[in-house]
Amino acid sequence: MITNCFFSVLFCLFFCSTFASEIVIYVAPNGNDASTGLDAENPKKTIESAFGQIVSLRADDDTSRIVLMPGTHYLQDPLVITPDAGPLVLESSEAGSAVVKGSRIIEGSWRKFKGNIMKLKTNVSVSPYAQLYANGEEQILARYPNYDSTASHYKGYAADVLDPERVKRWKRPEGAIVHAMHSGEWGGFHYEIEGVDKKGKVKLAGGHQNNRPSQMHKEYRMVENVFEELDAPGEWYFDHSSSTLYFYPPEHIELSNAKIEISSLNHLVELRGTKQTPISGITIRGVLFEHTNRTFMEDYEPLLRSDWMIYRGGAIYLENAKNCTLSDCELTNLGGNAIFVSGYNRNIEIKGNHMYNCGASAISFVGLSSAVRSPSFTYKAYVDFEDLDVEPGPKNRDYPSKCTADNNLIHDIGKVEKQTAGVQISMAMDITVSHNSIYDVPRAGINVSEGTWGGHIIEFNDVFSTVLESSDHGAFNSWGRDRFWHPNRKTMDEIVDRNPEMPYWDAIHTTIIRNNRMRCDHGWDIDLDDGSSNYHIYNNLCLNGGIKLREGFYRTVENNIMVNNGFHPHVWFKKSGDVFRRNIVMTDHKDIRLLGWGKEVDHNLFPNQSALEKARQNSTDRHSTFGDPLFIDPEHGNFTVSEASPAIALGFVNFTMDRFGVQVPELKKIAKSPDIPALVFPSGSAKELKTTEWLGAQLKNIESIEERSAAGLNETSGVLILDIEPGSLAGAGVLQRGDVIVKCEDDKIKNITDLLNSHQGNNWMGKLKLGIVRNQQEISVTIKTR
């Protein structure tokens, strides 16, 4: 056998030295690393050995393939692929049949500890940030409060997490992990308890994961990794002092034959080149990647002046790479980021992948701050104008460019970290994000952290169920705190007035947002926040939150449909150069603190005359009109307008309604779609809503003298609560059957249309202050809207 292997290697060396060829190495969980791996009958056992074989056998012009046979391939260390390996394909022999895991199997004899809790001693090294799996199912690190799949934040939260009375029950609080939302719900923080003082107050380390520091949220917080909190099925705890695993198994897990795995790696695969020799020509396809540690206590770095801090790493990590592809893979049960494209990268394709159940972001394209001219790193920091580098564009090539995220299905990410996104872009240029379905995320579906350096194309994405655990954000969110941006808005306005090209110094290329379907029920569908500049936004279907443009310059928004909402211009400068034209809006403009109305706001279709007249009071919309847009089939998501629509006369052009989101057949078949909202027509129109469901409450307009008299109202108006579904947001104990809603925030509520419009205008807050009439008296209550 040894002689045969020897001659096989000799033959391959001779052949490869004479002709360019493809070298194929097979790897199987039951293989043998002493084998050549040159055929499927004699595979190697480890991927690491296969790479060593490739490098030793291949001539300069050869291509290579490593074929992973069905089964689970455990990595002892991250697989680091270097330039001498390419060009190369790493693939599964059958799509999805090969599983690559960064975990260890825990074996041994389980013994009863007490009650339903079992224990097992092990020699396996366990990270404090590991994740445990039983028969492939993720288990729950012992926590307070207990896991609740219906809870809005952290799957369970409590204000008394760190109360001294609770903490004193813990014999060993050191090592406990605290997760808490930002006080404004702008992402979150993570801490480790280092000790407890004499008063029972915990000493914390961490809290470095957010670039907008604040106190912990008073309510949205939880603690885990506490032995005394191990009290529910599925919970576990590892005692490092005795190397003992404690586990409260769910009823359906039989420990005697269960497969117990625990994560051990932060990264699974790293494509690492150098600036002098980038790695090139690597394709990874058809592989299932699972099991990495949570990374929230690793070193983080600020993404310039955005709200983000980030861990520069992921299950799949690329640095100094070009012409590489990750396709048709599945990435799940990951503790941190799934895919991270860092620094210099060119022509990286991430396509046809399914990413879900991840602790942080799915896809990140993030350059190095060394490529940014005159960078600042916190919200209030800035470089004085006379000290600025005034050269436009990047200083060097250490950033991703010409990269693509296409046809990916992304959902249920940000399970631990809340300042995350389905696709994150920072310090990058010319990134295309297309045909992705992104939903069930705690913050933005797609986020652009700053203007450096633009040129991105965001198109044909389906983004919904976003901002589920945060606030003041959008399905698409961006910032643009670039060189022109100053924390003093008056100073900023004056600087750009003197230097009108300055917003283009960093946002050197226009970013395009087109042909997307977006829905955010807790913010805006498209949110261009602080400083976002040089955008062209057109042909988008916005299903709930409308479009917001905060302080910034040179944005053109045209030919979009804003269902049940409209345009939110916030804090505009005198000469913003903004354009808003030929859009269909269903509310009046929601302007806040404007110094001017941009270059053009006109030729828009409003829902009624009052909304149009309000706009014209600001000397905008001279050629706009109002009326029913005449959507063809809105109940089924087709918001194409008929040829008789007044929007057509204004220059509106229909756009395709059937190409949103992932188009790969296997992924499209399992991808969710957003709920299509019922249209809210103006009061007094033939289509006005007279009854509806809202946050779990059945509502109707007050329409008769009898209803007015029964409620003790001063006028025949308001919204009557007919019934409330138990367990719904409306059923949280604040509202009651028979209440009449007469006020929402600062808006008087005469009917359901008024209530829904007010909610839409304030949905980013996550709560609403209502004025209700109960027992013939008006009182004020606050309800949560998520």
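Guide: P213 is exposed, because its relative accessible area is 70%, where exposed means over 50%, buried under 20%, and partly exposed in between, with a 1.4 Å probe and protein chains only. This is a predicted model, in which local features need pLDDT of at least 70 and side-chain atom pairs count only at pLDDT 80 or more, while totals for chains, interfaces and linings use all residues. Residues are numbered from 1 along each chain as its sequence is written, and side-chain values use heavy atoms, with hydrogens and water left out.

P213 sits in the loop between β16 (202–206) and β17 (216–224); such strands are DSSP runs of E with at least two residues, helices are runs of H or I with at least four, and both are numbered from the N terminus. From P213 to I339 there are 126 residues in sequence and 26 Å in space, C-alpha to C-alpha.

N135, in the loop between β10 (132–134) and β11, has a positive phi of about 50° although it is not a glycine, and its relative accessibility of 40% makes N135 partly exposed. V571, in the loop between β50 (567–569) and β51 (579–581), likewise is not a glycine and has a positive phi, of about 55°, but with a relative accessibility of 6% V571 counts as buried. There are also cis peptide bonds: one joins G86 and P87, with omega about -5°, and P87 belongs to the loop between β4 (79–81) and β5 (88–92). Another runs from T452 to W453, with omega near 0°, and W453 is placed in the loop between β38 and β39 (457–459).

Two strands pair if DSSP finds at least two bridges between them, and strand β31 (residues 363–366) runs parallel to β35, joined to it by 4 bridges, with I425 as the bridge partner of F365. Strand β38 (residues 446–448) also pairs with β35 in the parallel sense, over 3 bridges, and here Q424 has N447 as its bridge partner.

Helix α4 (residues 489–498) has the buried residues M492, D493, I495 and V496. Seen down the axis of α4, these fall within an arc of 165°, so they line one face of the helix; the arc is that of the directions from the helix axis to the C-beta atoms. K490 and R498, on the other side of α4, are exposed.

A search of the whole structure finds 5 cavities of 30 Å³ or more, where a cavity is a set of points, on a 1 Å grid over the protein atoms alone, at which a 1.4 Å probe fits but cannot get out, and lining residues have an atom within 4 Å of a point. The largest cavity holds about 110 Å³, a volume being the space filled by probe spheres set on the points, which are joined across faces, edges and corners. It is lined by 16 residues, of which Y300, M309, E417, Q419 and T420 are the closest to its centre. The elements that give two or more residues to this lining are β15 (188–196) and β26 (309–310).

Definitions and conventions: On a 1 Å grid over the protein atoms alone, a cavity is a set of points where a 1.4 Å probe fits but cannot get out, and a pocket is an open set with protein on both sides within 12 Å along at least five of seven lines; lining residues have an atom within 4 Å of a point.
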